[in-house]
Amino acid sequence: MTHGIDERKRWLALMVLCLGVLMIVLDTTIVNVALPSIRADLKFTETSLVWVVNAYMLTFGGFLLLGGRLGDLFGHRRLFLLGITVFTLASAACGLANSQGLLIAARAVQGLGGAVVSAVSLSLIMNLFTSPADRAKAMGIYGFVGGGGGSIGVLLGGLLTSVLNWHWIFLVNLPIGVAVYAGCVALLPAGKPLANRARLDVAGAIAVTASLMLAVYAIVHGNEAGWTSAQTLVQLGIAIALLSAFLVIESRVSHPLMPLHMFALRNVATANVVGVLWAAALFAWFFISALYMQRLLDYNAMQVGLAFLPANVIMAAFSLGLSARLVMRFGIRAPLTLGLLLAAAGLALFARAPAGGSYVLDVLPGMVLMGLGAGVAFNPVLLAAMSDVAPDESGLASGVVNTSFMMGGALGLAILASLAAARTDELAAAGADAVTALNGGYHLAFLLGAVAALFAAALAGALVRTRTHAQGQAQEEASSIPGS
């Protein structure tokens, strides 16, 4: 018995929680395959299309830490049910959207619901499984769902978009959301709130989210408005002011959303910087490679989904235990550095792919290297973020690095997509044909992504301490994960 639940119901509850998390994970990859179809149907420009991804990522990252605090305040089960409800209703709005504004607004609400679900699901699992062995098994299953969900997402996205239309990549969440809600009501104990209202840093969440959304808006529209125009400079100035206000708030509130003292710890600070750079490269790769395959190789949505499959299968395989074995054998630093170097090599291969390239020669090698890189690096970067902190702060440290990852992805995608569009316009103005100009823009984005991953590898190799006491404990738990 654990918290009033018998053994069978505990594992059933884990399955329900993982199904909820799978729905969130699906949404991060399923959309990428459908982006060109969404672009054509709702008349997005190449740069404004970024908001279909970034509206979700910004609210997800901005409210990830706040979602955890709300769970402490009102109860994790209650917040999980609220998050599932918000996410499911927002998915319905996305699926029924017939305009750019409605789709982007609904995606932002989806991100809010997804943040709450992701933030409290780990706490619920920790409460359900208290023994180290059971907790390690549960976390192994949870990790596999996170990794394998990407594979399902790209295939399901391609299938639904090809057979039906892009609206169904969102509408498919409705029956899943209803099933998860019913399962949680039947299986999860109510639990008790742990915190009081003084621990809610609403001002910090609003300041950092508004800052980043304004910065991304300024970057996305920089090509049209002009990078040195008054509009762009004022928007970036306000974004910097809001970010400064966020840092002031975090230094003064008693229970900050992002405790600044953590960044005095070398591994925590390095892991967060590495996470920002790595996410910038990874999200830009997902976004731009999908456009490259559909617009320059004439792939349909299903073919794009299948094209991504090798990378996602490799990521899923490493999440089942291969990554944990590498960390146990070599520590944190070597696998993290190796994974980032492999990803940089994969991006470099994409940066030379010709407009009329073949899948086997020009896409598959990069996909394999990206899958290997992400699979090897993901677990070590999380361990690095938690290895220097006390056990009672490990969850918070994990939330901080996940937030950095989402924000880095949003800003990186906005910057690289904007620079790609600017490069395309420059080449077109110089007389290049449309295909050559478009591919030139994609090449620049892939190349800059490779540079970001390479810089992250250098930081990891130089600054991450490979073994600490906290990491040793994490490795002991990881050793009992199935498949490790």
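The questions and answers below concern a predicted model of one protein chain.

Reader: How many helices and how many strands are in the chain?
Author: This is a predicted model, and its secondary structure can be counted along the chain. The chain has zero strands, and its helices number 18.

Reader: What percentage of the residues in the chain is buried?
Author: A residue is buried when its relative accessible area is under 20%. The chain has 484 residues, and the share of them that is buried is 56%.

Reader: Among contacts in the chain with a separation of 6 or more, what percentage is between residues 24 or more positions apart?
Author: Contact here means heavy atoms within 4.5 Å. Of the contacts with a separation of 6 or more, the share from residues 24 or more positions apart is 84%.

Reader: Which helix gives the most residues to the lining of the second largest pocket?
Author: The second largest pocket has a volume of about 470 Å³. Of its 25 lining residues, Val208, Leu212, Leu243, Met258 and Met407 are the closest to its centre. Helices H2 (50–62), H9 (202–220), H11 (230–252), H12 (266–295) and H16 (394–429) each supply at least two residues of the lining. With six residues, the helix that gives the most is H11.

Reader: How many charged residues are in the lining of the second largest pocket?
Author: Sorted by class, the lining has 18 nonpolar residues and seven polar ones.

Reader: Which residues form one aromatic cluster with Trp285 and Phe286?
Author: The structure holds six aromatic pairs. Tryptophan 285 and phenylalanine 286 form one of them, a tilted pair at 4.8 Å centre to centre with 45° between the planes. Both tryptophan 285 and phenylalanine 286 are buried. The cluster that includes Trp285 and Phe286 also takes in Phe308, Phe350 and Phe446.

Reader: Why is the pair of phenylalanine 286 and phenylalanine 308 tilted, and how many residues apart in sequence are the parts that the pair ties together?
Author: The ring centres of phenylalanine 286 and phenylalanine 308 are 5.2 Å apart and the planes are at 35°, so the pair is tilted. Phenylalanine 286 lies in helix H12 and phenylalanine 308 in helix H13 (residues 301–330), so the parts that the pair ties together are apart in sequence by 22 residues.

Reader: Is phenylalanine 308 buried or exposed?
Author: The cut-off for buried is under 20% relative accessible area. Phenylalanine 286, its partner in the pair, has 9% relative accessibility and counts as buried. Phenylalanine 308 has 0% relative accessibility, so phenylalanine 308 counts as buried.

Reader: Which residues is threonine 270 in contact with, leaving aside its neighbours within four places in sequence?
Author: Threonine 270 lies in helix H12. Its relative accessibility is 6%, so threonine 270 counts as buried. Leaving aside neighbours within four places in sequence, the residues in contact with threonine 270 are Leu459, Leu463 and Val464.

Reader: What distance separates the C-alpha atoms of glycine 177 and serine 91?
Author: Glycine 177 has its place in helix H8 (residues 173–187), and with a relative accessible area of 3% it is buried. Not counting residues up to four places away in sequence, glycine 177 touches Met23, Ile84 and Thr88. Glycine 177 and serine 91 are 86 residues apart along the chain, and their C-alpha atoms are separated by 9.5 Å.

Reader: How many residues apart in sequence are methionine 262 and valine 400?
Author: Methionine 262 lies in the loop between H11 and H12. At 0% relative accessibility, methionine 262 counts as buried. Methionine 262 and valine 400 are 9.4 Å apart in space, C-alpha to C-alpha, and their separation in sequence is 138 residues.

Reader: Where does lysine 43 lie?
Author: Most residues other than glycine have a negative phi. Phi of lysine 43 has a positive value, near 60°. With a relative accessible area of 62%, lysine 43 is exposed. Lysine 43 lies in the loop between helix H1 (7–42) and H2.

Reader: Is aspartate 298 buried or exposed?
Author: Aspartate 298 lies in the loop between H12 and H13, and its phi is positive, near 60°. The cut-off for exposed is over 50% relative accessible area. Aspartate 298 has 63% relative accessibility, so aspartate 298 counts as exposed.

Conventions
Residues numbered from 1 in each chain as written. Predicted model: local features only at pLDDT ≥ 70, side-chain atom pairs only at ≥ 80, totals over all residues. Heavy atoms only, no water. 1 Å grid on protein atoms, 1.4 Å probe; cavity = no way out; pocket = protein on both sides within 12 Å on 5 of 7 lines; lining within 4 Å. Points joined across faces, edges and corners; volume = space filled by probe spheres on them. Helix = DSSP H or I, 4+ residues; strand = E, 2+ residues; numbered from the N terminus. Nonpolar A, V, L, I, M, F, W, Y, C, P; charged D, E, K, R; others polar. Buried < 20%, exposed > 50% of the residue type's maximum accessible area, 1.4 Å probe, protein only. Phe/Tyr/Trp six-rings, centres within 6.5 Å; stacked < 30°, edge-to-face > 60°.
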